[in-house]
Protein chains: 2
Amino acid sequence: MSIYVVGAYSTEFIGKFHPRFIWKGHPDYGKRENPTLEEYILEAVEGVLREAQLEVEQVERGYVGNFAGELFASQGHLGALLAQYPGLARRPFMRVEGACASGGLAVMAAIEALRSGSANVVLVVGAEVQTTVNAKQGADYLARAAHYATQRSLDPFTFPCLFARRTKAVLEETPTTFEDLALVVEKAYRNANLNPKAHMHTVKVSREDALASGESNPFFLTHPEYKSYLKVKDCSQVSDGASALILANERGMEQLRRTPQVQMVGWAYLSSPLKEASDPLRLETTYFAAKEAYQMAGISPKEVQVAEVHDCFSVSELLMYEALQFADFGEGYRLIREGKTALGGALPVNPGGGLLAFGHPVGATGVKQVAEIARQMLGKCGKYQISPLPKYGIAANMGGDDRTAVVSILARLE
Amino acid sequence: MSIYVVGAYSTEFIGKFHPRFIWKGHPDYGKRENPTLEEYILEAVEGVLREAQLEVEQVERGYVGNFAGELFASQGHLGALLAQYPGLARRPFMRVEGACASGGLAVMAAIEALRSGSANVVLVVGAEVQTTVNAKQGADYLARAAHYATQRSLDPFTFPCLFARRTKAVLEETPTTFEDLALVVEKAYRNANLNPKAHMHTVKVSREDALASGESNPFFLTHPEYKSYLKVKDCSQVSDGASALILANERGMEQLRRTPQVQMVGWAYLSSPLKEASDPLRLETTYFAAKEAYQMAGISPKEVQVAEVHDCFSVSELLMYEALQFADFGEGYRLIREGKTALGGALPVNPGGGLLAFGHPVGATGVKQVAEIARQMLGKCGKYQISPLPKYGIAANMGGDDRTAVVSILARLE
């Protein structure tokens, strides 16, 4: 049973430093509030239906990817929230969760439903609101994606610390340098500056800005061994936003009278033991998921022409190059140095700005990645459009410190 | 593709008033602690593998049903937690959530995977720990299963209030009496007294106890209109615990060299708009899900010989009788008065004690319901075993105030 992408949409991703984000210093402060999780979810549904030119009645079921709505928005039961969209009552909906891979897992659950024939046209929404609390509180919430009982105490900022640990290992044991990480950050912001939906659309960051520590780019960890390995600009954004997809199987495409344009040709997801310390030099779970997905798609990494990778921190992007076999182990840095993964390069990675600068509304990310690959294949990416249209693309979504990995491979049909 | 139950297991469900539950007055207080969410999940896996006589390597993927691990246990990412069980690393796992229907939805997701052929042998675990916080805090957490922004303020105990609203309507507009509700409570405790895994295994409650308000059975709501319609014993238990199932498709049964004994013959799940006020007299979402499940199974409600229904409050059980078409609308009370749903009756309902007295570890419940029906069909229920073995059974799991419903029909094969 083949699976096709019928529609793909993202809301704006916003948060601190975005001109429309409401905070104490904003002229609209006290006059209006930032959108809620509920509003983002419903906006994403509206957007994807419009984008796909679908009537709401054509949607047969749906999945919501969300990590921590109970904490950031005091709201769980998001399947029933999705049913609030006019016309969607009394359909099968559920929310799936796998930390930062929640969105990717929602795509996987949708694919299972389409393959089983239980539904032919399925809606997937990924969403998160995170700006409702301060950074320290948010870091505590996000630490629930790690093994909280044993890893929370690592640092007030648990996840940044886990990836500072990786950064230290990579810098010490491979030829990778701080300059290479600054190149990753520079690329992310440069791409996001071309993407009107990106959280960092209007924020400029040069490689010098990314490299230098200082008031606008401080070190912020307290862990004695790792604190000098991560600065604010090495981190993905605390964003609010939602993304949505409409997927269909062959029968669904017939029902909708659509000609397939973008096909999901390979996918896999895996979890590794949450409590187990990961090898800091490798994203092993992602590597094995990618291997399965390549095998299913029947393509080699060399055939990939666009990638969305989980750059939750600058070092993650380089490790992703290796896990997806774009580079040999320990040599991810070569691709960023050579400019191969830049927008004009041979293999553009995160052309919309990635988690670092498009933003990272946790539950939305895995859905957004697949949506972005599809939009690149359909030529809908405006100023950050890749040309010629890519034939194969890959999306790699990661939960926690590489404890869950979801990899999808898409193909443009001609 | 047919779906079979290969194994079914529940841990003890414990909490306040259970002899092994640790609290200030317990002789072991300060010496040991109650099991954690992690421990419950891993114990359920061990239990179901032993019960099904399976090697861990035979499990191909898994789903975890959990409502609010992030809140009660500071832990999300439960798919990766499941991967901690020795031998389960690097398999596809995800957590699914739909409030109190989280367990039922995990069963649904497992069925999709089996029907799609992506996996042939699948593990389902439902788990929740709730006793880590006091009752008021717990009520606030659980209110995230309702539309928090508009319904939280109804009463400090949001869900009890939503069901007191149903109780008032049912008592005023049908012949149902407080005595009928007391009969529901009495039956639950009587059944639980026969079930060594029940939270209320050692607690006796007569119909007089259930009917009378007083120190051990107080009114506790503050809502002026509803407060006199619900007493403590009308409520399901705040329990900790986990349940697990092994499900397989035909290929899985061949792989395992098993003869099918219990088959899932019908199922459906639906969500209604979270924010929408429900008809207090009916469980409409459950009714429509049940209708679909009966149709798929090709049986009528008359053929059901055992049922597990979501008796989150005493009134819910009577409304469930109607939603599952065991009684006409407004006439559920007749069944409890006539003793039809008692253990020795023609259609035993919640023979193990239900949510009222077996207990209600939220995410476990939907899994436990299916597990209990399977165990009844296999003759494994000891003192609360139905005889002769039932041919058809139904499980109805509800999320929030009937905003998500999951219904499963099982058949014993001969």
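Predicted model: local features only at pLDDT ≥ 70, side-chain atom pairs only at ≥ 80, totals over all residues.

Residues are numbered from 1 along each chain as its sequence is written, chains are lettered from A and ligands numbered from 1 in the order in which they are written, and side-chain values use heavy atoms, with hydrogens and water left out.

**The two chains.** S74(A) lies in the loop between α2 (69-72) and α3 (78-82) of chain A, where helices (H or I, at least four residues) and strands (E, at least two) are DSSP runs numbered from the N terminus. Not counting residues up to four places away in sequence, S74(A) touches G69(A), R144(B) and Y148(B), and contact here means heavy atoms within 4.5 Å.

**Two helices of chain B.** Two packed helices are described by the angle between their axes and the distance between the axes. The axes of α4(B) (residues 102-116) and α15(B) (residues 362-377) come within 5 Å and cross at roughly 55 degrees; axes are lines fitted to C-alpha atoms, for helices over the stretch in contact, and angles run from 0 to 180 degrees between N-to-C directions. That makes α4(B) oblique to α15(B), since angles under 35 degrees count as roughly parallel, over 145 as roughly antiparallel, 65 to 115 as roughly perpendicular and the rest as oblique. On the α4(B) side, S102(B), G103(B), G104(B) and V107(B) meet G363(B), G366(B) and V367(B) of α15(B).

**Cysteines.** A disulfide is a covalent bond between the sulfur atoms of two cysteines. Over all chains the structure holds zero disulfides, a disulfide being a pair of cysteine sulfur atoms within 2.5 Å. The closest cysteine sulfur to that of C100(B) is in C312(B), 6.9 Å away, which is too far for a bond.

**Burial of single residues.** In the table, buried means under 20% relative accessible area, exposed over 50%, and partly exposed in between (1.4 Å probe, protein chains only).

| Residue | Relative accessible area | Class |
|---|---|---|
| C100(B) | 14% | buried |
| C381(B) | 3% | buried |
| S74(A) | 17% | buried |
| V133(B) | 24% | partly exposed |
| Q325(B) | 34% | partly exposed |
| D402(B) | 0% | buried |

**Loops and backbone.** V133(B) sits in the loop between β4 (121-128) and α5 (135-142) of chain B, and, leaving aside its neighbours within four places in sequence, V133(B) is in contact with F72(B), G138(B) and Y141(B). Although Q325(B) is not a glycine, Q325(B) has a positive phi of about 65 degrees, and its place is the loop between α12 (314-323) and α13 (332-338) of chain B. D402(B), also not a glycine, has a positive phi of about 60 degrees and is found in the loop between β8 and β9 (404-412) of chain B. Finally, a cis peptide bond joins S387(A) and P388(A), with omega about -5 degrees, and the peptide bond from S387(B) to P388(B) is cis, with omega near -5 degrees.
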